[in-house]
Amino acid sequence: MSSVTGRKKLLSQSADSAANPAAAVASPSRRQLLGAGLAAGAGAALSGLAARPAAAAGDPVITEIQDWNRYLGDGVDARPYGMPSPYEEQVVRRNVPWLTADPVSSINFTPLHELDGIITPNGLCFERHHAGIAEVDPAKHRLMIEGLVDKPLVFTMEDIKRFPRENRAYFLECAANSGMEWRGAQLNGCQFTHGMVHCVVYTGVRLRYLLEEAGVKTNGKWLLAEGADASAMTRSIPMEKALDDCMVAFKMNGEALRPEQGYPLRLVVPGWEGNMWVKWLRRLEVGDMAWHQREETSKYTDLLADGKARRFTWVMDVKSVITSPSPQAPITHGRGPLVISGLAWSGSGTIKRVDVTTDGGRNWTTARIDGPSLPKALHRFYLDIDWDGSELLLQSRAIDENGVVQPTKDELRLARGENSIYHNNGIQTWYVQANGTVENVEVS
Ligand SMILES: Nc1nc2c(c(=O)[nH]1)N[C@H]1C(S)=C(S)[C@@H](COP(=O)(O)O)O[C@H]1N2
Ligand SMILES: [Mo]
């Protein structure tokens, strides 16, 4: 087995508080739950097979009538906008307080370890704001197109909803995702190491239609997109991308965008780093090459070991992570059947294959991708194993449709040094102990 280097203990506090959130769920009937615990123990002893479901004689959760079976429930007018069960209250976005000076210009993380499939529920999509959440009145929202166009235009939301629409599932990943892990294993949970990603189905209009309506001049090579929030955040996008698959979206997963995600209108830049997906989109300015050089609006660069920087690194690289088991989702059921599950994605298209190792990279098995395989969207994979209760070093390795293979962290450091923050797509290792607890480690 490869050697394990312990993670730095910087986040043990906040990660631990999230590690076993099930314990924090209030139980409606303490007496019933205590009884159930005793009976389950007896049942296990009788069957002698802790991992197999066994009929437990006298189990009160079977023999006693439960509250939900005895009393009438809420009527159909009690929950006009439905919320998850109170037993799921630990499934929330979380932030890392020491990461930024102020929550107004900060980030929180998607609870990937609690989710399944490929779609992120709207209320759980990670948030990144430079000046907090703008609460925009859609009736007062306008999108202006100006600069090197034949005809400057201003659209209302109603105008935009009269263009032909399309529905597309795309992941959005912040370029800083996994950025805290460059110098070694640090944050204890995939929510914190990989949770700056979400994937929803957008409904919107091709950006190309709006630009064609305004008529982009032949020297219009760049597009500056601006948000209506207090930071008036701007990013520039090359015209080829703008005319390719970019959208202006007003719906996510069928309902209006959430304010956190840019209500009423956001830019969708498929496969490219999250910073370009301007929220509360209010202005698009078309410029030429010289204008772009003058404005210097491509902010994100990756500092290399020799002091040089990589620029224009927009496409998100092929990447994957095992979401369960993981530090916040330990194995609680003992040896026997174990579902290993995770996510894979690539900004260049679909995922062709995901391999999983349980021994730190010596042997790899091809995982099963289940659910839709859509370009520039999250993919869900599973490996169903029979766990013998011994220690594991779990890793996943994604390969995209172009045959690009996710690198190890050592390979990445060799190429890019350790000064980077952005674009860390290295292979993640989880160390599973015999008691089922899981830790973020690195193997070499
Ligand atoms: N107007 C505006 N757009 C913005 C931002 C912002 O602060 N203001 N943050 C950007 C960054 S850095 C990222 S990673 C994504 C995050 O999108 P999300 O909050 O929907 O997850 O939005 C981008 N668009
Ligand atoms: Mo970002």
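Student: Let's start with Ala232. Is Ala232 buried, partly exposed or exposed?

Tutor: Keep in mind that this is a predicted model. The way to read burial is through relative accessible area: under 20% is buried, over 50% is exposed, and anything in between is partly exposed. Ala232 has a relative accessible area of 26%, so Ala232 is partly exposed.

Student: And where does Ala232 sit, and what is its phi?

Tutor: Look in the loop between β9 (222-227) and β10 (234-238). Ala232 is not a glycine, yet its phi is positive, about 40°.

Student: What is the C-alpha distance from Lys376 to Thr350?

Tutor: Here you read two separations side by side. The pair is 26 residues apart in sequence, and the C-alpha atoms are 6.1 Å apart in space. Thr350 belongs to the loop between β18 (336-345) and β19 (351-357), and its relative accessible area of 16% makes Thr350 buried.

Student: Which peptide bonds are cis?

Tutor: Omega is the angle to check. The bond from Tyr263 to Pro264 is cis, with omega near 10°, and the one from Ser324 to Pro325 is cis too, with omega near 0°. Pro264 is in the loop between β12 (255-256) and β13 (266-268), while Pro325 is in the loop between β17 (319-324) and β18.

Student: Now a side-chain contact: what does His113 pair with?

Tutor: For a polar contact, you look for N or O atoms within 3.5 Å. The side chains of His113 and Gln328 make one at 3.4 Å. His113 lies in the loop between β3 (106-109) and β4 (128-129), and it is buried, at 9% relative accessible area.

Student: On to ligand 1. Which residues come nearest to it?

Tutor: There are 21 residues around ligand 1, and the nearest are Phe126, His130, His198, Arg266 and Lys279. By class, that shell has 8 nonpolar, 7 polar and 6 charged residues.

Student: Which N or O atoms of the protein lie 2.7 Å and 3.2 Å from ligand 1?

Tutor: The 2.7 Å distance runs from a side-chain N or O atom of Arg266 to an oxygen atom of ligand 1. At 3.2 Å, a backbone N or O atom of Trp277 faces a nitrogen atom of the ligand. The protein covers 100% of the 540 Å² of accessible area that ligand 1 has on its own.

Student: What kind of space does ligand 1 take?

Tutor: The largest cavity.

Definitions and conventions
Residues numbered from 1 in each chain as written. Chains lettered and ligands numbered in written order. Predicted model: local features only at pLDDT ≥ 70, side-chain atom pairs only at ≥ 80, totals over all residues. Heavy atoms only, no water. Near = heavy atom within 4 Å. Polar contact = N/O pair within 3.5 Å; in protein donor to acceptor, adjacent residues only side chain to side chain. Areas by Shrake-Rupley, 256 points an atom, 1.4 Å probe, with all protein chains shown as cover. 1 Å grid on protein atoms, 1.4 Å probe; cavity = no way out; pocket = protein on both sides within 12 Å on 5 of 7 lines; lining within 4 Å. Sits in = over half its atoms within 2 Å of the grid points. Nonpolar A, V, L, I, M, F, W, Y, C, P; charged D, E, K, R; others polar. Helix = DSSP H or I, 4+ residues; strand = E, 2+ residues; numbered from the N terminus. Buried < 20%, exposed > 50% of the residue type's maximum accessible area, 1.4 Å probe, protein only.
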